[in-house]
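Reader: I would like to learn how to read a fold from its coordinates. Could we take the features one at a time?

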Amino acid sequence: MSTISLSPGFSAGSVRSLYLEMLRDETILATGSGFIACTGHFRSDKKLRIGLATAKHNLTGTNFFTGQSNNGKDLKIPNNVRVYFPEIINGGLNFFSSIYDLGESPNEKFFSSNNADVAFLNLRKDDISRVCGVSIFDLDSSQFLGKDFSVGSEVQILGHPIKRFSPNYLATSSFGKIAYEPSVSFPFKDKENCRELDAYLVNARTFSGQSGSLVYRHVSCHPYLNGCGEFMSNSGAIDVVVGLYSSRINPHEDEFGNKPDSDLGLVWRASALFDVLQLLPPADLPNA
């Protein structure tokens with residue numbers, strides 16, 4: 001693959017969201033987005049957990065709410081996922097790919113729950129070691145969100161709305177605004193009942209392929225106490241993960257069966273990500 005030169009103005013955000021290809025054997029069924037997240041960096045127990053976060057429906061091939069196939073009449077579901085990871089070599093950026101078996105190998109299965117359209121792949125040690133310092137997002141950073149994170153707050157959605165045909169797997173950023181109170185569970189009514197979701201709505205124009213995208217916000221960072229009770233001073237601002245973009249919320253079908261798109265999308269909160277990430281075993285990494 002060709003090498004991308006890292007200029008002084010190169011954005012680290014461009015490699016925080018990873019490009020995914022959902023496969024049935026060698027056939028690409030769909031593409032999606034994901035990002036590497038960890039927890040434990042600010043925790044006193046030092047149990048670092050790390051994995052690839054994405055939308056659960058990307059890996060199952062079925063709608064999270066209805067259980068129906070994402071591919072319509074085509075009932076094929078993915079049995080592998082190909083992940084494109086960034087890697088810095090000699091000052092330049094390259095991408096390498098790894099294929100993960102979805103569930104048949106106990107060491108590579110994905111972890112999820114029935115409460116959120118969120119899943120984590122348990123990454124191989126070699127893959128994590130190659131991308132360390134490039135694109136890992138710490139879920140514990142959500143503690144830095146201030147009171148200004150509310151309806152109308154701006155967020156960035158980082159993903160891959162474009163199917164790739166080249167070795168350039170840099171992410172695309174979309175801007176959106178919080179459309180539903182992020183501190184309150186979102187009531188979602190399906191055909192059977194109403195469920196309270198650990199999620200909120202964002203008003204942003206998104207496209208196919210962005211399911212599983214990282215949603216983050218640039219916030220001011222003030223002095224804080226870490227998990228060890230140590231006083232930390234950090235001036236300036238940091239990027240904080242505020243959720244995972246799942247899918248658009250579409251209006252009900254009209255009398256003619258039409259189902260128009262909506263700019264309202266569902267974002268699962270960082271707390272939903274944290275709950276699933278805790279299901280992964282502690283990371284087996286040097287100096288972890």
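Reader: In what sense do strand 10 and strand 11 pair, and over how many bridges?

Author: Keep in mind that this is a predicted model. Strand 10 (residues 154-159) and strand 11 (residues 172-178) pair in the antiparallel sense, over 6 bridges.

Reader: Which residue in strand 14 is the bridge partner of I178?

Author: The bridge partner of I178 there is V202. Strand 11 and strand 14 pair in the antiparallel sense over 2 bridges. When following side chains along such elements, recall that in a regular strand they alternate between the two faces of the sheet.

Reader: How many helices and strands does the protein have?

Author: The protein has 3 helices and 19 strands. Among contacts between residues at least 6 apart in sequence, 65% join residues at least 24 apart.

Reader: What share of the residues is buried?

Author: Of the 288 residues, 49% count as buried. The protein exposes about 14,300 Å², and carbon and sulfur atoms supply 48% of that area.

Reader: Which residues does L273 contact, leaving aside its neighbours within four places in sequence?

Author: L273 is in contact with F35, A53, V118, F120, L139, V241, G243 and L244.

Reader: Next, the rings. How many aromatic pairs does the structure hold, and why is the pair of F64 and W268 edge-to-face?

Author: The structure holds 8 aromatic pairs. For the geometry, check the distance between centres, then the angle between planes; an angle over 60 degrees counts as edge-to-face. The rings of F64 and W268 have centres 5.8 Å apart and planes at 80 degrees, so the pair is edge-to-face. This pair links distant parts of the chain, 204 residues apart: F64 is in the loop between helix 1 (56-60) and strand 5 (80-89), and W268 is in strand 19. F64 is buried, at a relative accessible area of 16%, and W268 is buried at 0%.

Reader: What about Y180 and F186: why is that pair edge-to-face?

Author: Their ring centres are 5.1 Å apart and their planes stand at 80 degrees, so this pair is edge-to-face. Y180 counts as partly exposed, at 24% relative accessibility, whereas F186 counts as buried, at 10%. Elsewhere, Y19, Y84, F95 and Y169 form one aromatic cluster.

Reader: Which residues lie over the faces of Y100 and F96?

Author: R124 lies over the face of Y100, at 4.1 Å from the ring centre. R130 lies over the face of F96, at 3.7 Å from the ring centre.

Reader: To finish with the backbone, where does D25 lie, and what is its phi near?

Author: D25 lies in the loop between strand 2 (18-24) and strand 3. Its phi is near 60 degrees, a positive value in a residue other than glycine.

Conventions:
Residues are numbered from 1 along each chain as its sequence is written. This is a predicted model: local features need pLDDT of at least 70, side-chain atom pairs count only at pLDDT 80 or more; totals for chains, interfaces and linings use all residues. Side-chain values use heavy atoms; hydrogens and water are left out. Contact means heavy atoms within 4.5 Å. Helices (H or I, at least four residues) and strands (E, at least two) are DSSP runs, numbered from the N terminus. Buried means under 20% relative accessible area, exposed over 50%, partly exposed in between (1.4 Å probe, protein chains only). Accessible areas come from the Shrake-Rupley method with a 1.4 Å probe; for residues, only the protein chains shown count as cover. Two strands pair if DSSP finds at least two bridges between them. Rings of Phe, Tyr and Trp (its six-membered ring) pair if their centres lie within 6.5 Å; planes under 30 degrees apart count as stacked, over 60 as edge-to-face and the rest as tilted. A charge sits over a ring if NZ of Lys or CZ of Arg is within 6 Å of the ring centre and within 35 degrees of the ring normal.
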